[in-house]
Amino acid sequence: MSFNLRTEDFSSNGTISGGTSYTDPLADADKCNRDIPLMTQLQTNTIRVYAVDPTKNHDDCMEALQNAGIYVILDLGEPKVSINRDTPEWSQTTYSRYTTVVDTFAKYTNTLGFFAGNEVSNAPNNTEASA
């Protein structure tokens, strides 16, 4: 049996209330229910989500994605808490953020994996960021 990834990036940019500077696309069931049929038409079986708010409820979206046969790969960071290639460091804040996201999404059977860094090493002079 083989598993071929056919992925789409699933994100929403903008500023919202509540202290976050991003929109969690998996916390809005209406948008998920709008978008999942389109992803199915594209034969998408995996999506990558760039930022989630682990304090929000994701049950409806994750269940709808599961029912459509779509797996999810999540970025652990968010705009204000992530590994910065210019000043790479591992802090308690980063650790807490990352483990909270893992703990939140571990219960869903369609969670395929996580990204701990996004484009951290993208040039010869910043490979130390991945060390």
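In the predicted model, the link of Cys 32 and Cys 61 is right-handed, with 105° about the S-S bond. The sulfur atoms of these two cysteines are 2.1 Å apart, and the pair forms a disulfide. A disulfide is a covalent bond between the sulfur atoms of two cysteines. A search of the whole structure finds one such link.

Helix α1 comprises residues 29-41 and helix α2 comprises residues 59-67. Their axes come within 8 Å and cross at roughly 15°. Because angles under 35 degrees count as roughly parallel, α1 and α2 are therefore described as roughly parallel to each other. The crossing of α1 and α2 is right-handed, a term that is also applied to the link of Cys 32 and Cys 61.

The contact between the helices involves residues from each partner. On the side of α1, the residues are Ala 29, Cys 32, Asn 33 and Ile 36. These meet Asp 60, Cys 61, Ala 64 and Leu 65 in α2. The residues of the contact divide into six nonpolar, one polar and one charged.

The chain contains three helices and four strands. Along the sequence, these elements follow the pattern β-α-β-α-β-α-β. Among contacts between residues at least 6 apart in sequence, 76% join residues at least 24 apart.

A further residue of interest is Trp 90, which is found in the loop between β3 (71-75) and α3 (92-105). Trp 90 is exposed, with a relative accessible area of 54%. The cut-off for this term is a relative accessible area over 50%, which is why a value of 54% places Trp 90 in the exposed class. When residues up to four places away in sequence are not counted, Trp 90 touches Tyr 95 and Tyr 98.

Definitions and conventions: Residues are numbered from 1 along each chain as its sequence is written. This is a predicted model: local features need pLDDT of at least 70, side-chain atom pairs count only at pLDDT 80 or more; totals for chains, interfaces and linings use all residues. Side-chain values use heavy atoms; hydrogens and water are left out. Axes are lines fitted to C-alpha atoms, for helices over the stretch in contact, and angles run from 0 to 180 degrees between N-to-C directions. Helices (H or I, at least four residues) and strands (E, at least two) are DSSP runs, numbered from the N terminus. Angles under 35 degrees count as roughly parallel, over 145 as roughly antiparallel, 65 to 115 as roughly perpendicular and the rest as oblique. A crossing is left-handed if the near helix is turned anticlockwise from the far one by less than a right angle, and right-handed if clockwise. Contact means heavy atoms within 4.5 Å. Ala, Val, Leu, Ile, Met, Phe, Trp, Tyr, Cys and Pro count as nonpolar, Asp, Glu, Lys and Arg as charged, and the others, Gly among them, as polar. A disulfide is a pair of cysteine sulfur atoms within 2.5 Å. Buried means under 20% relative accessible area, exposed over 50%, partly exposed in between (1.4 Å probe, protein chains only).
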